[in-house]
Amino acid sequence: MMAFEICESKKEDLEKILELLKEFAIHENMLDDVKCTTKELEESFFKHEYAKALSLKVDGEIIGYVMYYFTFSSFWGLGGLYLEDIYIQPKHRKKGYARAVFKYLAQICKEKNLKRLEWVCLNDNDLGIEFYTKLNARHMNEWRTYRLEGKNLEALM
């Protein structure tokens, strides 16, 4: 059996992570939206610490990644964890690795007294929806996601 491990990403992992991020973007039909470089990832994760990255490895080879950051709930007065990305290459799916990632993230929540683990999922991601349902994750269908970016964001400045 192959050895699976989850570890904090290092600077030398970022080139592979960017490659996998582009695979993920192709999967979501969003490759044109990928603007970041390894330098920007390095600054975001290691200099500014906007977010954290985990490398998912099988026998030492990076086969996926996770990106997350911390949030805050005003109603609870406590922090949370927002899962920005989880990506595992298709040939490595359905082997329990995603469940291991969620257990890992749940442990971070426990250690830091975080009361929420949240993420979004595309409506057509049937495999993800099925998996999240099996985790007993609640679909927050009463909420809408909004975004300001590019010229629309700049118009407010």
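Leaving aside neighbours within four places in sequence, S9 is in contact (heavy atoms within 4.5 Å) with I17, F46, A53, L54 and S55. This serine sits in the loop between strand 1 (4-8) and helix 1 (14-27); helices (H or I, at least four residues) and strands (E, at least two) are DSSP runs, numbered from the N terminus. With one of these partners, S55, the side chain of S9 also makes a polar contact of 2.8 Å. A polar contact is a pair of N or O atoms within 3.5 Å; within protein, one must be able to donate a hydrogen and the other to accept it, and residues adjacent in sequence count only if both atoms are side-chain atoms. Is S9 buried or exposed? S9 counts as buried because its relative accessibility is 7%, where buried means under 20% relative accessible area, exposed over 50%, and partly exposed in between (1.4 Å probe, protein chains only).

The model is predicted, so local features need pLDDT of at least 70 and side-chain atom pairs count only at pLDDT 80 or more, while totals for chains, interfaces and linings use all residues. Residues are numbered from 1 along each chain as its sequence is written, and side-chain values use heavy atoms, with hydrogens and water left out.

The interior comes next. A nonpolar core is a set of buried Ala, Val, Leu, Ile, Met, Phe, Trp, Tyr and Cys residues joined through side-chain atoms within 4.5 Å. Which residues of the largest nonpolar core touch the most other members? Of its 19 residues, these are L56, V66, Y68, L81, I86, V101 and L105. Two or more residues of this core come from each of strand 2 (52-58), strand 3 (61-73), strand 4 (78-88) and helix 3 (97-112). Helix 3 gives the most, with 6 residues. L81 shows what such a place looks like in detail: beyond its neighbours within four places in sequence, L81 is in contact with Y68, Y69, F70, T71, L105, I108, C109, L114, R116, L117 and E118. Apart from this core lies another one, of 14 residues, and its members include I17, L18, A51 and A53. Two of these residues, I17 and A53, are also among the contacts of S9.

The surface has nonpolar residues too. L148, L153, L156 and M157 form a nonpolar patch there, with about 460 Å² of accessible area together. Patches are made of residues with over 30% relative accessible area and no salt bridge, with like charges joined within 9 Å and nonpolar side chains (Val, Leu, Ile, Met, Phe, Trp, Tyr) within 5 Å. Accessible areas come from the Shrake-Rupley method with a 1.4 Å probe, and for residues only the protein chains shown count as cover. L156, one of the patch members, is found in the segment after helix 5 (150-154) and is exposed because its relative accessible area is 64%.

R147 is found in the loop between helix 4 (126-134) and helix 5, and it is exposed, with a relative accessible area of 64%. R147 and S73 are 74 residues apart in sequence and 19 Å apart in space, C-alpha to C-alpha. The loop between helix 4 and helix 5 also holds N136, whose phi is near 70°, a positive value in a residue other than glycine. N136 is exposed at 70% relative accessible area. K94, in the loop between strand 4 and helix 3, has a positive phi of about 60° although it is not a glycine. K94 counts as exposed, at 71% relative accessibility.

Charged pairs complete the picture. Side chains of opposite charge can pair when their charged atoms come close. How many salt bridges does the structure hold? There are 5, a salt bridge being a side-chain nitrogen of Lys or Arg within 4 Å of a carboxyl oxygen of Asp or Glu. One of them joins E19 and K16 (3.1 Å, N to O). These two residues are separated by about one helical turn, because they are 3 residues apart in helix 1. E19 is partly exposed at 41% relative accessibility, and K16 is partly exposed at 23%. E130 forms a salt bridge with K134, the closest N and O atoms being 3.3 Å apart. Both residues lie in helix 4, 4 residues apart, about one turn of the helix. E130 counts as partly exposed at 41% relative accessibility, whereas K134 counts as exposed at 56%.
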